[in-house]
Amino acid sequence: MTTSTPKKYDVIGTRPIRHDGVEKVTGRAKYGADLQLPGLLYGKVLRSPHAHARIRSIDTSAAEALPGVKAVVTGSDIPAASDTVQSLGETAVRMRYLSNNVLAGDKALYKGQAIAAVAAVNVNVAEEALALIKVDYQPLPPVINVMDAIKDGAPLLHEDMLTQELGKRTDKHSNIANHFQFKKGDLEAGLQKADVIVEREFNTASVHQGYIETHNGTALWSSDGNLTIWCSTQGSFMVRSQLAQLLMVPESKIKVVPMEIGGGFGGKISVYLEPLAALLARKTGHPVKLTMSRAEVFEGTGPTPGTHMKVKMGANKEGRITAAQVSLYYEAGAFPGSPVNAGAMCALAPYNLENAQVDGYDVVVNKPKAAAYRAPGSTQSAMAVETVIDEVCEKLKIDPLEFRLLNGAKEGDRRVDGPTFGRIGYLETVRAALAHPHYKTPLGGPHRGRGVASGFWFNAGGQSSCYISVNADGTVSLVEGSVDIGGTRVSVAMQAAEVLGLPAEAVKPTVVDTDSVGYTWVTGGSSTTLKTGLAAYEAAQDVKRQLLERAAKIWETPVENIELVKGVFRSKHDPALKLTFAELAGKLLATGGPVTGSASVDAKGVGPAFATHIVDVEVDPETGKTQILRYTAVQDAGTAIHPSYVEGQIQGGVAQGIGWALNEEYFFNQQGQMANSSFLDYRMPTSLDLPLIDTVIVEVPNPGHPFGVRGVGEVPIVPPPAAIANAISHALGVRMTTLPMSPGKVLEALWKKEGGRS
Amino acid sequence: MSNKTHVQARINGEDTEFLCEPQQSLLEVLRDTLGMTGTKEGCNDGNCGACSVVLNGRLVDSCLVLAVETEGKSVDTIEGVAGPQGLHPLQQKFLEEAALQCGICTPGFIVAAKALLEREPNPSEQRVRLWLAGNLCRCTGYDKIVRAVLGAAKVMEAKKP
């Protein structure tokens, strides 16, 4: 279902078949692990069995002596990385920490951290060699939970780390890397004005991005010093810059070839295997390929953090929020840098508040270093804030969507963390949800409940580059640096097609390596259709300008007299003078040479995304199992370039949000070892767990983009856990404050409410 | 190297010979020995379905089948789904319905769905969901995949003489 204004465009808003589709449905598309090279060696990684241990020594001599083993590398093989900070898309990382995450230094900080890597003639020999590496560990007590980590006297992960407190470096050693605060108005005065106050605490578990393709990396380091990397990444230029800094090699010596990528969701931006492949390739002189097992993916990459959160909110009888206070403690994993900043900025973003305070704490624990995961940080804080709002509404006896209309942010409102909104479509999503038949349909049974929740994500822009060359048959070839993770070849190509008056099929997009296109920021932050779309738009304008000039030259008339209308170049004055795009394209070589357009942009006109979701659930009071009966997701997409892929992003985000809400969770034993590192025990939703997911695309065009694009990928994961928690609460009359809301947790909450049985 | 076994199997209708070690899975041999990388590895323990193939008419995870077990048997993979005349209706519907995003799980879904439609030409939505519950997709939320399979069933039914 799409609500939109009358048709403004010829290509945008249509649903052409994606250009890379046939390759992907026939199995011909080449993903990272599919690569084969002559003389290829296979690598494997030795990982720490301890969540926290000092590494006294590593003896690799027996492994190196095993026939078939070609090289072994350890942390000491990584050139001393400078203590600089590298921007990684939605997060940033200190290179020293990244180096230790890639291969441990003198401490292992989580179970699964890479300690050493082996290259051998085949995987079996490499695995055999791992068993021969002798590591002398001194195990240390681990901290695996954010609340344990911040206790006085907790074991410290980084003895040299000093806590940052409100922007100032202190001399305090703790596992809190950073405490920051956003404030607006007067919190206490706001709470005084409230007629109802709700205060709740929340705990959420670590969850993984769960892409089906495991990480991989292949490297060839030629004797001329040129390093080529093939990998599945969201940002080939980010891989290049991380490798340059880790290996202390000039960027110009590194070429990163992005293979097709089997899902990322934020988790394939930081490097893991690529530097190991490079080091092994340098030592052996051969190409070396590494791929992770599923257990390595769970234990050595991702996840998104577990949290502890507190929310206190006051509202008056008129239904206005008078004050809100949010405290967020996010697990960064083994190294600082959780997405708590984004979580704190998003927490209250959908609301126009006079009085609010948000505190964020970035806390290190003995778990894998947190990576970005679809709207990183926002889903957790929305779980806390959006369920407290639901409880406020219950106490005030106000419809939760009407309440959002009263308090929702609009153009000109200032967020608690500072920025003022431009044109946004939050209230439009709430109105569309209110008007949706789903919201009015009776639930039709006992133990059923309906919940709503909203979500915010900033979206991003950034740098991108694009080349377009005109082919003699009237098609154009489009070269871009944005890795296509879910249909962006087509959404970018469509924007060029719109400018040139061509059908989408006449634009042939190709994603190329870092030597073959200008700098392009990650496929992340919901940025690609905006930023690479803008680059394609500008490159197409460049082509159009040149083609108009060429037609003017052919017709010996001033260029001002010529226009391009629906794929036809024509004179504004002489109806006899016209050439279709293909006819003009066919004349280029003989009339002055080929035409190529290019553009490099730094897209700044970012338009934030809002979503409002409605969910119906049925909870079995005997087993505690929650079934999703119906799901409707409303989202402002700005302009939906390819509505099918917008719907797909929304449905995929909802599915991940449902998994996060109901099932997904890292289980750790007392030693800090993950106990469920397989898809059998880490249960992601299957087709049987989900209903069809209805989507409503609201289009409030982003004035910062020529076609009004906002970016759609991330915000749909934000509302589901809160919406489902609200639905369960209404079904059972008990408030859910933990994620996941697995059957056991639901039963515990139910028994606690009934009193006694526990 | 010396303990390799000679295996003869019928892969996508072609008699195929290969050498493999006794511990090698069918998935390994398909991908690494035969270069048929359309069959994907997502977990290597039978929980994601990305490596789905049909073995003697039965849908299996090729990571859980030893390559030596295929001696004298037929193996059908994603590479055999499209013919010279073009795409299979399932492949076409996956494209039209935008039933793939990253595409890594797509070969497994198409192989699994084809096995279903060959048994049951008119499955219900619930039946499709149950049958495909062994295949994980993390991108789509399954909505468009289920629609594509139901749509392909209709096309295939209409094409029947």
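User: Before we start, what counts as a cavity here?
Analyst: A cavity is a set of grid points where a 1.4 Å probe fits but cannot get out, and please keep in mind that this is a predicted model.

User: OK, how many cavities of 30 Å³ or more turn up in the whole structure?
Analyst: The search of the whole structure finds eleven cavities of 30 Å³ or more, and the largest cavity has a volume of about 560 Å³.

User: Which residues lie nearest the centre of that largest one?
Analyst: Its lining is made up of 35 residues, and those nearest the centre are A:Ile485, A:Thr488, A:Ser526, A:Gln649 and A:Gly713.

User: And which helices supply at least two residues each of that lining?
Analyst: In chain A, α15 (488-500), α16 (528-555) and α18 (643-662) each supply at least two residues of the lining, which by class holds 21 polar, eleven nonpolar and three charged residues.

User: What is A:Gln651 in contact with?
Analyst: Leaving aside neighbours within four places in sequence, A:Gln651 is in contact with A:Ile693 and A:Thr695, and also with B:Thr140, B:Gly141, B:Asp143 and B:Lys144.

User: Is A:Cys231 buried or exposed, then?
Analyst: A:Cys231 is buried, with a relative accessible area of 0%, and A:Cys466 is buried with a value of 0% as well.

Definitions and conventions: Residues numbered from 1 in each chain as written. Chains lettered and ligands numbered in written order. Predicted model: local features only at pLDDT ≥ 70, side-chain atom pairs only at ≥ 80, totals over all residues. Heavy atoms only, no water. 1 Å grid on protein atoms, 1.4 Å probe; cavity = no way out; pocket = protein on both sides within 12 Å on 5 of 7 lines; lining within 4 Å. Points joined across faces, edges and corners; volume = space filled by probe spheres on them. Helix = DSSP H or I, 4+ residues; strand = E, 2+ residues; numbered from the N terminus. Nonpolar A, V, L, I, M, F, W, Y, C, P; charged D, E, K, R; others polar. Buried < 20%, exposed > 50% of the residue type's maximum accessible area, 1.4 Å probe, protein only. Contact = heavy atoms within 4.5 Å.
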